[in-house]
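Hi there,

Here is the structure I promised to pass on to you. Please have a look at it first, and then read my notes below.

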Amino acid sequence: MTVTDHRSTALITRPSVVRAPGVRATNPRWLVEDFRPRAAVMAQAILHEVRQSAVEYAEMFTGPFGELITAAIRESVRYALDKVSGRPTTKDRYAAVFGQLGELEFAEGHDLNVLQTTYRIAGRVAWRHVAEFGQERGVPADVMCDCAQAIFLFVEEISALSIDGHGSAASQESGTMARRRRHLLEQILADPPVSPRELANLADAARWQLPKRIVLIAIEPGDQQLDPAIMSLDGAVLVDLDSDRPCVLTAEPDETLAALEPLLDGRRVAVGPEVRLSDAAMSLRRARQTMALLQREVLPDAPVTRWNEHLLTLRLLSERSLLSALASRSLEPFETLGAKPRARLAETLLAWLSSRNGAPELALKLGVHPQTVRYRMRQLEQLFGDRLSDPDERLNLQIALRAEQLAHASSGPRLPH
């Protein structure tokens with residue numbers, strides 16, 4: 001047996017030491033210390049192979065990424081050797097380097113596929129050097145298996161660190177973009193509006209393309225927080241979930257409504273008119289007016305209510321002073337009646353003006369006897385006389401009665417502006 005063989009055989013039997021996760025206690029400290037002089041050579045070989053294999057990074061190795069990955073490889077080799085040999089180590093610096101690599105990849109707009117491929121290449125090169133060293137020293141097979149396991153567990157660990165860094169950067173970017181887009185929406189809806197140039201600058205900062213025409217969607221208020229996934233709707237959408245009256249601005253209302261439906265937890269929405277971007281505030285007013293009527297049960301209950309399907313109702317309830325004057329003039333004959341007779345005659349007159357049906361049809365609609373309808377119509381003829389034959393007067397009567405009916409149904413405050 002040669003001197004070298006004798007030294008190797010004797011030292012392999014030395015006591016084992018603290019080891020990396022996943023490595024059994026058969027990994028002797030002296031083996032790591034013997035390998036340490038080769039560490040710089042192995043790090044250089046890893047760098048060379050990565051540069052040759054990861055063509056996507058060919059130009060980046062001269063810039064910040066190259067400096068960082070070079071430091072990362074050297075730091076990881078040093079950390080691994082220190083940890084296995086039992087030397088004092090700290091994971092902070094080593095973890096920070098691989099986290100920064102993930103952050104840098106996000107900043108460059110890359111996913112992590114190429115970086116993880118790089119780590120696998122580094123793992124293979126490291127194993128090749130360790131295997132060659134083991135053969136030279138006659139290291140037992142079970143120790144070499146432990147070394148191989150440690151290397152590939154190490155690759156998984158650094159991959160996880162970069163994934164965390166990439167995710168952290170993405171989360172921070174998402175929060176920044178959300179704040180910028182919220183501010184952009186506020187400025188689009190501002191009164192007076194900001195200048196087109198300022199709006200364009202805000203849109204560039206928020207990475208949001210200004211559309212020519214948009215629609216505002218009012219979301220029903222509620223006590224529970226809305227699903228934050230609404231913030232992740234496609235790029236044509238701006239969202240305000242922080243207000244007590246949440247809303248969405250979109251250039252593609254049909255697609256947005258379809259995406260919103262599963263995220264609203266039963267809340268209703270009201271859709272304003274399609275307008276130019278400069279008229280966004282008007283679209284939101286119309287949407288909120290519609291939502292107010294929906295909440296007061298003036299409009300029929302529906303998951304989606306469109307402003308343009310209820311124009312007459314919105315118009316009648318938005319001009320209270322004009323309607324009051326019209327009612328005073330057109331419905332003056334009712335002033336001599338008590339509340340109950342007035343209500344019955346008003347209901348009958350509106351049904352007749354709306355349909356011009358005969359007594360049997362009106363009776364069926366009102367739920368009374370036809371003779372009751374005939375009696376009421378005679379009373380109405382006595383009160384209004386020839387005005388019931390005048391088309392203009394009939395229209396005024398119908399508008400006044402319909403507005404009065406809506407006003408009774410709408411017990412809340414005036415519609416929002």
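**The sheet and its surroundings**

S4, H10 and S5 form a β-α-β unit, and its hand is left. Before I go further, please keep in mind that this is a predicted model.

Let me start with the whole chain. The protein has 417 residues, and 44% of them count as buried. Its secondary structure amounts to 16 helices and 5 strands. Taking contacts with a separation of 6 or more, 71% are between residues 24 or more positions apart. The exposed surface comes to about 22,900 Å², with carbon and sulfur atoms supplying 51% of that area.

Now to the sheet. It is an open sheet of 5 strands in the order S2-S3-S1-S4-S5, and the pairing is mixed. At the edges are strand S2 (237-240) and strand S5 (304-306), each of which pairs on one side only. From one strand to the next, the twist averages 20°.

Going through the pairs in sheet order, this is what I found:

- S2 and S3 run antiparallel and are joined by 4 bridges. Valine 239 has valine 248 in S3 as its bridge partner, and a hairpin of 6 residues connects S2 to S3.
- S1 and S3 are also antiparallel, with 4 bridges between them. Here valine 215 sits opposite threonine 250 in S3.
- Strand S1 (residues 213-219) pairs with strand S4 (residues 269-276) in the antiparallel sense, over 6 bridges. Alanine 218 faces alanine 270 in S4, while valine 215 is opposite glutamate 274 in S4.
- S4 and S5 run parallel, joined by 3 bridges. The bridge partner of valine 271 in S5 is arginine 306.

Valine 215 is worth a look on your screen: it stands opposite threonine 250 in S3 and opposite glutamate 274 in S4.

What packs on this sheet? Helix H10 (residues 280-295) does, touching S1, strand S3 (247-250), S4 and S5. The direction of H10 makes about 160° with that of S4. As for S4 itself, 6 of its 8 residues are buried, so the strand is largely enclosed by the rest of the structure.

S3 has cover on both faces. Cys247 and Leu249 are buried on one side, and Val248 and Thr250 are buried on the other.

Is threonine 250 buried or exposed? With a relative accessible area of 0%, threonine 250 is buried; the cut-off for that is under 20%. Leaving aside residues up to four places away in sequence, threonine 250 touches Ile214, Val215, Ile217, Ala236, Val237 and Thr256. Its side chain also reaches the backbone nitrogen of glutamate 252, at 2.9 Å.

Best wishes

Definitions and conventions
Residues are numbered from 1 along each chain as its sequence is written. This is a predicted model: local features need pLDDT of at least 70, side-chain atom pairs count only at pLDDT 80 or more; totals for chains, interfaces and linings use all residues. Side-chain values use heavy atoms; hydrogens and water are left out. Helices (H or I, at least four residues) and strands (E, at least two) are DSSP runs, numbered from the N terminus. Buried means under 20% relative accessible area, exposed over 50%, partly exposed in between (1.4 Å probe, protein chains only). Contact means heavy atoms within 4.5 Å. Accessible areas come from the Shrake-Rupley method with a 1.4 Å probe; for residues, only the protein chains shown count as cover. Two strands pair if DSSP finds at least two bridges between them. Axes are lines fitted to C-alpha atoms, for helices over the stretch in contact, and angles run from 0 to 180 degrees between N-to-C directions. A crossover is right-handed if, with the strands pointing away from the viewer, the path from the first strand over the helix to the second runs clockwise. A polar contact is a pair of N or O atoms within 3.5 Å; within protein, one must be able to donate a hydrogen and the other to accept it, and residues adjacent in sequence count only if both atoms are side-chain atoms.
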